[in-house]
Amino acid sequence: MEAQEYIANVTSSSSAKFEAALTWILSSNKDVGIWGLLKGEDPSELVTTVDKVVCLESARPRMGVGCRLSRALLTAVTHVLIFFWCLAFLWGLLILLKYRWRKLEEEEQAMYEMVKKIIDVVQDHYVDWEQDMERYPYVGILHVRDTLIPPQSRRRMKRVWDRAVEFLASNESRIQTESHRVAGEDMLVWRWTKPSSFSDSER
């Protein structure tokens, strides 16, 4: 309607000529400079009749120098902001990965230190048993945990402890995991196993 009123004021043409021009645009295959021909209320719907036309969009807009410069500046600023946003995202992701790797390394080191402490406790307990200072040659796993880890740190150190127990079960032949009844309850224990040594003559 705005386009029809504007053309009527400039050219003094009647609305019938305007509608005839729209009808010709709809039926013509020529490039008349109207982007997407004519648009209806639903952009995805193909307009076939004049009564469904709600707007016209030029394919070749005429803009002044100031408008072009402002649009170019806006586009450049937008691209720069997108670039720095992506750069900040990648930098943050790198920092997060480095932090994760450092935590894994610290946890790995803490696990090996815990394994060493467990071996020392189990071996010392066995030596004490050999000297009749302990009643049993084995020691409860939970007792070792309670000896090495204070109560306030057990929840924080649970993952380190579990990994150390798993490592000993898979990689330490000098410590055997057994089940014994202690004080009327079945519990898992560790027993130190002295390595067998044979002389050349015995072999």
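Modeller: Let me start with a term: patches are made of residues with over 30% relative accessible area and no salt bridge, joined within 9 Å for like charges and within 5 Å for nonpolar side chains (Val, Leu, Ile, Met, Phe, Trp, Tyr). This is a predicted model, where local features need pLDDT of at least 70 and side-chain atom pairs count only at pLDDT 80 or more, while totals for chains, interfaces and linings use all residues. Residues are numbered from 1 along each chain, and side-chain values use heavy atoms, leaving out hydrogens and water.

Biologist: Thanks! Which residues form the nonpolar patch on the surface?

Modeller: Trp85, Phe89, Leu90, Leu93, Leu96, Leu97, Tyr99, Trp101 and Leu104, with about 960 Å² of accessible area together (Shrake-Rupley method, 1.4 Å probe, only the protein chains shown counting as cover).

Biologist: What makes lysine 116 and aspartate 120 a salt bridge?

Modeller: A salt bridge needs a side-chain nitrogen of Lys or Arg within 4 Å of a carboxyl oxygen of Asp or Glu. Here the closest N and O atoms are 3.5 Å apart. Lysine 116 is exposed at 55%, whereas aspartate 120, at 33%, is partly exposed.

Biologist: And why is glutamate 172 called buried?

Modeller: Its relative accessibility is 14%, so glutamate 172 counts as buried. The side chain of glutamate 172 meets that of arginine 174 in a salt bridge, at 2.7 Å from N to O.

Terms used. Buried < 20%, exposed > 50% of the residue type's maximum accessible area, 1.4 Å probe, protein only.
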